[in-house]
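Visitor: I should like to learn how to read a model of this kind. Please take me through the features in turn.

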Amino acid sequence: MKEKHAKAGESISIAFQDNSLLPMLFGDEDSHLTKLEKKFNVQAQSRGNLLAISGEKENVEACRAVVESLYSDLKKGADIGAK
């Protein structure tokens, strides 16, 4: 069954190489993912080193860009903390 907000039905998965960065990326109890879900009106689910994002295509792509940018910042040693 499709999610109500997923009218366009876009779904992607992102695989991350460095699992040690994921707690900082996802936040305590996935709090950062929850913020991204609200901001972009998407569903975000993590499992291991994978992140699945689903929703309307434009929202999914925007969320992906932010997640990949944050992950890149973490790889460079930046502190992305809750802002």
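**Reading the model**

Guide: The chain exposes about 5,600 Å², of which carbon and sulfur atoms supply 47%. Accessible areas come from the Shrake-Rupley method with a 1.4 Å probe, and for residues only the protein chains shown count as cover. This is a predicted model, in which local features need pLDDT of at least 70 and side-chain atom pairs count only at pLDDT 80 or more, whereas totals for chains, interfaces and linings use all residues. Residues are numbered from 1 along each chain as its sequence is written, and side-chain values use heavy atoms, with hydrogens and water left out.

Visitor: What is the mean pLDDT of the chain?

Guide: pLDDT is the predictor's confidence in each residue, from 0 to 100. Here the chain has a mean of 88, and 88% of its residues reach 70 or more. Over residues 1-6, however, pLDDT stays under 50. Where pLDDT is low, the predicted coordinates should not be read in detail.

Visitor: In what order do the elements of the chain run?

Guide: Helices (H or I, at least four residues) and strands (E, at least two) are DSSP runs, numbered from the N terminus. This chain has three helices and three strands, and from the N terminus on they run β-α-α-β-β-α.

Visitor: How do the strands form a sheet, and which of them stand at the edges?

Guide: Two strands pair if DSSP finds at least two bridges between them. In this model three strands form an open sheet in the order β1-β3-β2, with antiparallel pairing. β1 (10-15) and β2 stand at the edges with a single partner strand each, so one side of each has no neighbour in the sheet. From one strand to the next, the twist averages 15 degrees. Five bridges join β2 to the antiparallel strand β3 (residues 50-55), and Arg47 stands opposite Leu50 in β3.

Visitor: At what angle does helix α3 run to β1?

Guide: Axes are lines fitted to C-alpha atoms, for helices over the stretch in contact (heavy atoms within 4.5 Å). Angles run from 0 to 180 degrees between N-to-C directions. Helix α3 (residues 57-75) lies across β1 and β3, and runs at about 15 degrees to β1.

Visitor: Is Asn41 buried, partly exposed or exposed?

Guide: Buried means under 20% relative accessible area, exposed over 50%, and partly exposed in between (1.4 Å probe, protein chains only). Asn41 is partly exposed, because its relative accessible area is 41%. Asn41 is found in the loop between α2 (31-40) and β2 (43-47). Of the 83 residues of the chain, 31% count as buried.
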